[in-house]
Amino acid sequence: MSTLIPEANEAAASSEESETIGSDDAYVALLARLSRQSVDKHFDAYADVPWDDPEYRIDPDDPRWEVGLDDPITATDWYRSLSPEQRARLGLDLVVTKMKLGLQFESVLKRGLLEYALELPNRDPQFRYAYHEVIEEAHHSLMFQEFVNRSGFDVQGMRPGELAVARTIVGLGRRFPALFFFFVLGGEDPIDHVQRKSLRSGQPIHPLLERIMRIHVTEEARHLSFARHYLKHRVPELSPVRRAALGVAAPLILFGMAQMMLIPSRQVIERNGIPREVVREAYLRNPAHRQEVVSSLRKVRQLAEEVGILGPLHRRLWKALGLWPAQP
Ligand SMILES: [Fe+2]
Ligand SMILES: [Fe+2]
């Protein structure tokens, strides 16, 4: 499968967003549609990416790796003083690190989905869709790891403590699926937001990265649709105690994920010798950057409101955690 029409896919996904998935029948019909789409339009990490095409080779000095203008580090004097090669290497390092973090996130996601599917009754259509998603995520992780391997950068991704925390999420797939699906959206929605923005930016993108991003956004549209509709369908059925727990735990999970998105990893900072003041100026003390991270969680926040777990008290928690936009 090689034809990519993300716009069409986007349109299909957004028409699903506007539907009311209140009834069991509508939810089952959505699962059947998503499962069908996974059969009709799916990608293989090796058959559908021409890894050995000379055009797709990764050259760390290629100016197309320079950091995208949407990254606030590009506005600093320090970044502007770098040579073109240094800028390209920093940009590639940022991309490779995001791929590594992405595949680690997907590892948790796949295991959580398998936990979720493990005890579903026979004939439950969620089983089939969960497995389609696991298979697609496995191909994404193969693409991401292959990209990391070919980049020449030995990136670590999450630190051991972060990996230990991430592992605790896996069991939520069985014990508290609604919270697990908020975690899923907290990871997938911002990545999707960033990739779509980059594809539309008009900036030159390396063909290998572009190929990977187009495959990813095409399949993620379905994953996002499943997670959203699962929550729309299931959260209203939860007991008041569970809903209250979800209202508190969901922003805490999103806060943890926003922290990781807020600044580049320690390894990237050290390897590229980014001075501490530059990290502060570009990321930590840059309200515009914080707002950008917060706005990448806009759809998750709207969903929390829609399913009734974002009342006035919860809003105070979102604000205290820095997850509330200056202008919602
Ligand atoms: Fe993915
Ligand atoms: Fe996904």
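Which residues of α2 are buried? I found Leu30, Leu31, Leu34, Ser35 and Gln37, where buried means 20 or more other C-beta atoms within 10 Å of a residue's own, exposed means 12 or fewer, partly exposed lies in between, and C-beta atoms are placed from the backbone. Seen down the axis of α2, these buried residues fall within an arc of 160 degrees, so they line one face of the helix; the arc is that of the directions from the helix axis to the C-beta atoms. On the other side of α2, I noted Asp25, Arg36, Val39 and Asp40 as exposed.

A note on my source: this is a predicted model, in which local features need pLDDT of at least 70, side-chain atom pairs count only at pLDDT 80 or more, and totals for chains, interfaces and linings use all residues. Residues are numbered from 1 along each chain as its sequence is written, and chains are lettered from A and ligands numbered from 1 in the order in which they are written.

Next, the whole chain. I looked up its secondary structure and got 15 helices and zero strands, these being DSSP runs numbered from the N terminus (helices H or I, at least four residues; strands E, at least two). Of the 328 residues, 35% count as buried. The C-alpha trace spans about 60 × 45 × 35 Å along its principal axes.

Last, Arg123. I placed Arg123 in the loop between α4 (84-118) and α5 (125-151). Its phi is near 70 degrees, a positive value in a residue other than glycine. Most residues other than glycine have a negative phi. Arg123 counts as exposed because it has 7 C-beta neighbours inside 10 Å.
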